[in-house]
Amino acid sequence: MLTGKQKRFLRGLGHGLKPVVRVGKNEFNDALAEETGNALATHELIKVKLLESCLMDRHEVAEKLAKAADAEVAQVLGRTILLYRQGETPKIELPQK
């Protein structure tokens, strides 16, 4: 579970990132969950963009993706979701509580 301080830190890092995963009209499915998991394994911190064709609630998509990829939601802002999952060899050092 991320603390507020850690979420702020991750939001700062995520500001300049480009979206790696896009959620469209197919909305949430197994392929999307697998793609998100692979992206998190590579990057630790990713942006997910919800396209206009996605009719699901953005918070619902964020929770489903986080649960499927065993990740934490760092931010939901507009149609953009920031997800974090610590890698086996961490690249990002989070501030302590």
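Reader: Let's start with E27: is this residue buried, exposed or partly exposed?
Author: Bear in mind that this is a predicted model, where local features need pLDDT of at least 70, side-chain atom pairs count only at pLDDT 80 or more, and totals for chains, interfaces and linings use all residues. Residues are numbered from 1 along each chain as its sequence is written, and side-chain values use heavy atoms, with hydrogens and water left out. Buried means under 20% relative accessible area and exposed over 50%, with partly exposed in between (1.4 Å probe, protein chains only). E27 has 23% relative accessibility, so this residue counts as partly exposed.

Reader: And what is the phi of E27?
Author: E27 sits in the loop between β1 and α2; helices (H or I, at least four residues) and strands (E, at least two) are DSSP runs, numbered from the N terminus. E27 isn't a glycine, yet its phi is positive, at about 55°.

Reader: Which residue caps the N-terminal end of α2?
Author: Look in the loop between β1 (19-23) and α2. There, a side-chain oxygen lies 3.3 Å from the backbone nitrogen of A31; polar contacts are pairs of N or O atoms within 3.5 Å, where within protein one must be able to donate a hydrogen and the other to accept it, and residues adjacent in sequence count only if both atoms are side-chain atoms. The capping residue is N29.

Reader: How far does α2 reach from its first C-alpha to its last?
Author: α2 has 14 residues. The expected span is 1.5 Å times one less than the number of residues. That gives an expected 20 Å for α2, and the helix comes close to this, reaching 20 Å.

Reader: What arc do the buried residues of α2 cover around the axis?
Author: The buried residues of α2 are L32, A33, T36, G37, A39 and L40. They are on the same side of α2, because they cover an arc (taken from the directions from the helix axis to the C-beta atoms) of only 165°.

Reader: Which residues does T36 touch, leaving out those up to four places away in sequence?
Author: T36 is in helix α2 (residues 30-43) and counts as buried because its relative accessibility is 0%. The cover over the buried residues of α2 includes β1, β2, α3 (58-69) and β4 (80-84). With contact meaning heavy atoms within 4.5 Å, T36 touches V21, I46, L65, A69 and L83.
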